[in-house]
Amino acid sequence: MTSLKSLGLTTAAFALSATAVLASPPVNQTAPGFSSVDTTGIERILTDFADETVILEWTNHDCPYVRKHYVSGNMQGLQAEAAEDGVVWLQIISSAPGKQGHVSAEQAIELNEERGATVTATLLDETGEIGRLYDARTTPHMYVIENGTLVYKGGIDDKPSANPKSLNGANNYVRAALTSISAGQPIEDAETRSYGCTVKYGS
């Protein structure tokens with residue numbers, strides 16, 4: 001029987017080598033397509049959500065910047081708000097086997113249960129194909145897709161610190177993007193600089 005861990009291997013829409021370097025996908029253009037089997041064995045294809053708002057969250061539970069947002073409950077709060085509005089939330093782990101943050105499907109499920117995370121699916125991008133497709137560089141690195149178009153990419157907020165106290169007064173770019181989408185208005189900060197730990201790709 002195929003294990004959930006093996007099912008978690010990702011397959012991007014484009015064939016990429018492990019050392020491939022791609023340009024960062026531009027905002028206000030079609031988001032790069034991909035497909036991946038999630039931690040529960042369900043295939044997730046980005047184009048299946050072509051008429052919806054989608055958030056991509058690159059994560060690494062061992063990263064102190066990620067811990068800042070989860071220990072404080074900040075990330076879970078944003079996820080819950082998004083879920084209430086019907087937003088699709090895809091959590092992506094691009095840590096390669098043997099690298100910091102790498103987990104099995106079972107471990108990923110357990111982590112989200114322990115933290116009270118609300119995600120549509122968690123994708124184990126062990127080969128780094130999806131991460132390289134989106135030029136994901138840090139954890140967290142956030143992307144917002146609206147009706148198939150990439151409308152935001154960058155940091156979760158404007159406080160590049162691992163200290164939870166920095167959340168006080170922070171401008172949450174993802175929340176602001178979702179608010180603008182709901183209001184039918186353009187996103188003011190559509191591209192920002194991400195911060196956090198580097199994504200632990202394989203060689």
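Residues are numbered from 1 along each chain as its sequence is written, and side-chain values use heavy atoms, with hydrogens and water left out. Because the model is predicted, local features need pLDDT of at least 70 and side-chain atom pairs count only at pLDDT 80 or more, while totals for chains, interfaces and linings use all residues.

**The sheet**

Six strands form an open sheet with mixed pairing, in the order β2-β10-β9-β5-β6-β7. Strands (E, at least two residues) and helices (H or I, at least four) are DSSP runs, numbered from the N terminus. Two strands pair if DSSP finds at least two bridges between them. The edges are β2 (29–30) and β7 (121–124), each pairing on one side only. Helix α4 packs on the sheet and touches β6 and β7. Its direction makes about 145° with that of β7. Such axes are lines fitted to C-alpha atoms, for helices over the stretch in contact, and angles run from 0 to 180 degrees between N-to-C directions.

| Strands | Sense | Bridges |
|---|---|---|
| β5 and β6 | parallel | five |
| β5 and β9 | antiparallel | six |
| β9 and β10 | antiparallel | five |

A run of partners crosses these strands. Isoleucine 55 stands opposite tryptophan 89 in β6. In β9, the bridge partner of isoleucine 55 is valine 144. Valine 144 in turn has tyrosine 152 as its bridge partner in β10.

β9 is mostly covered, with five of its six residues buried. Buried means under 20% relative accessible area, exposed over 50%, and partly exposed in between (1.4 Å probe, protein chains only). β9 and β10 form a hairpin with two residues between them. Asparagine 147 in that turn has a positive phi of about 50°.

**Helix α3**

Helix α3 spans residues 74–84. Its buried residues are Asn74, Met75, Gln76, Leu78, Gln79 and Ala82. An α-helix has 3.6 residues a turn, so residues three or four places apart point the same way. The cover over the buried residues of α3 includes strands β5 (53–58), β6 (88–93) and β9 (141–146). Helices α2, α4 (105–115) and α6 (173–183) also belong to that cover. After α3 comes glycine 86, with a positive phi near 80°.

**Histidine 69**

Histidine 69 lies in helix α2 (residues 64–71). It counts as buried because its relative accessible area is 0%. Its side chain makes a polar contact with the side chain of tyrosine 195, at 3.1 Å. A polar contact is a pair of N or O atoms within 3.5 Å; within protein, one must be able to donate a hydrogen and the other to accept it, and residues adjacent in sequence count only if both atoms are side-chain atoms. Leaving aside residues up to four places away in sequence, histidine 69 touches Asn74, Met75, Gln76, Pro140, Ile156, Asp157, Leu167 and Tyr195. Contact here means heavy atoms within 4.5 Å.

**The disulfide**

A search of the whole structure finds one disulfide, defined as a pair of cysteine sulfur atoms within 2.5 Å. It joins cysteine 63 to cysteine 197, with S to S at 2.2 Å. The link is right-handed, with 90° about the S-S bond. The pair links distant parts of the chain, 134 residues apart. Cysteine 63 sits in the loop between β5 and α2, and cysteine 197 in strand β11 (residues 197–198). Cysteine 63 counts as buried because its relative accessibility is 0%. Cysteine 197 is also buried, with a relative accessible area of 12%.
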